Amino acid sequence: MSAMLETPELPAVFDGVKLAAVAAVLYVIVRCLNLKSPTAPPELIYQDSALARFLIKSCPLLTKEYVPPLIWGKSGHIQTALYGKMGRVRSPHPYGLRKYLTMPDGATATFDLFEPQSEHCIGEDVTMVICPGIANHSEKQYIRTFVDYAQKNGYRCAVLNHLGALPNIELTSPRMFTYGCTWEFGAMVNYIKKTYPQTQLVVVGFSLGGNIVCKYLGESQANQERVLCCVSVCQGYSALRAQETFMQWDQCRRFYNFLMADNMKKIILSHRQVLFGDNMKKPQSLSDADLSKLYTATSLMQIDDNVMRKFHGYSSLKEYYEEESCLHYLHRIYVPLLLVNAADDPLVHESLLSIPKALSEKRENVMHVLPLHGGHLGFFEGSVLFPEPLTWMDKLVVQYANAICQWEKTKSHCSDTEQGLSGQE
């Protein structure tokens, strides 16, 4: 009798369980998608100077809030995964000419050259020299999208293809691209300077490419000649500091590390005959045992230690990371330098951001830009669900470059006017 009286209450209990389950799922969704995170203008760190004031006035994106797609855009993981999986949406196909340069060690460097599609805003000849991210090249969708946008704004673009990254280009020496080798990028820049003696340069690097371009500029004062400015996006600044954080499971960095290592293994093994075969001279310390270790590697650090550092004769992984990072070269860069990172980049630990922050607090030529969202090379924009073809990153780099060009033209005009008045006196 008592059991019959309790029966009608059971559906209410079940409804309560369902409601709790739905609430739990919604909570997880809100947390994973970071939906409660606000949208805001990027954090800017810089020294008060005439250049900084001009940039803030001329670059609205620096002070305007970055609004990612409403549903998923506040998740750094989804932004990163979307970039990694498809690069960009409705990516254009700019037409360029592939150039081949023979390096002193017999390697063949390649880059793609894209001519401007309109007149530049200052009416001058300006070339963007671009270094892509790890194992990337000019055919990647995010590079194609950026190049097309830069062309339409009057820039010639030269895009380095990392040595060994293009699947249809064979290696001609037993060496691939590495974390901080600037040889191929320098050869491309020298070609542009020689071929276009009137052009001025805007240097752009994405992720690993940011490390390479900053290291290249800091290696020699001569490398900064005819360079208007440099933009680095989503780099980590110090591989030595990053290696420990990249092995942690926090923010799934260890998983990203595994995926990137797996991709690197495929690229290296596609050139196995050239790199490990007996028919070509290998680096003295590279052996068949290293090939065996490569098969079992599960992190970029293992690959760097067993293979990559040996291309340049480093005796240890620590020495390789210490010497190849741009950290020790940043203070030698004197041209305007824009360092862009995202606060939710799952690949770059927040501790690494102390490097660009400290630099921008000391140097008038440096500005650090840190939006809350964007992931690693994502920075998608859009209303609710579907992202726009152009990203916040694409527009910021071109907007900053335009502002620097205007700044230099204004300085040159003022200098000419002063010289004219001096001559009249």
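This is a predicted model: local features need pLDDT of at least 70, side-chain atom pairs count only at pLDDT 80 or more; totals for chains, interfaces and linings use all residues.

Modeller: Residues are numbered from 1 along each chain as its sequence is written, and side-chain values use heavy atoms, with hydrogens and water left out.

Colleague: Which strands pair with β6?

Modeller: Two strands pair if DSSP finds at least two bridges between them; strands (E, at least two residues) and helices (H or I, at least four) are DSSP runs, numbered from the N terminus. Here β4 (residues 126–131) pairs with β6 in the parallel sense over six bridges, and Ile130 has Val204 in β6 as its bridge partner. Strand β7 (residues 227–233) also pairs with β6 in the parallel sense over six bridges, with Val202 opposite Cys229.

Colleague: Is β6 mostly covered or uncovered?

Modeller: Buried means under 20% relative accessible area, exposed over 50%, and partly exposed in between (1.4 Å probe, protein chains only). In β6 (residues 200–206), six of the seven residues are buried.

Colleague: Which residues of helix α14 are buried?

Modeller: In general, an α-helix has 3.6 residues a turn, so residues three or four places apart point the same way. In α14 (residues 354–362), the buried residues are Ile355, Pro356, Leu359 and Ser360. They lie on the same side of α14 because their arc around the axis covers only 120°, taken from the directions from the helix axis to the C-beta atoms. Glu361 and Lys362 are exposed on the other side of α14.

Colleague: How many salt bridges are there?

Modeller: Side chains of opposite charge can pair when their charged atoms come close. The rule is a side-chain nitrogen of Lys or Arg within 4 Å of a carboxyl oxygen of Asp or Glu, and the count comes to 15 salt bridges. One of them joins Asp112 and Arg98, with the closest N and O atoms 2.8 Å apart. Asp112 lies in strand β3 (residues 108–114) and Arg98 in strand β2 (residues 97–102), so this pair ties together parts 14 residues apart in sequence. Asp112 counts as buried at 7% relative accessibility, whereas Arg98 counts as partly exposed at 23%.

Colleague: Where is Ile71 placed?

Modeller: Ile71 is in the loop between α3 (50–58) and α4 (76–86). At 38% relative accessibility, Ile71 counts as partly exposed.
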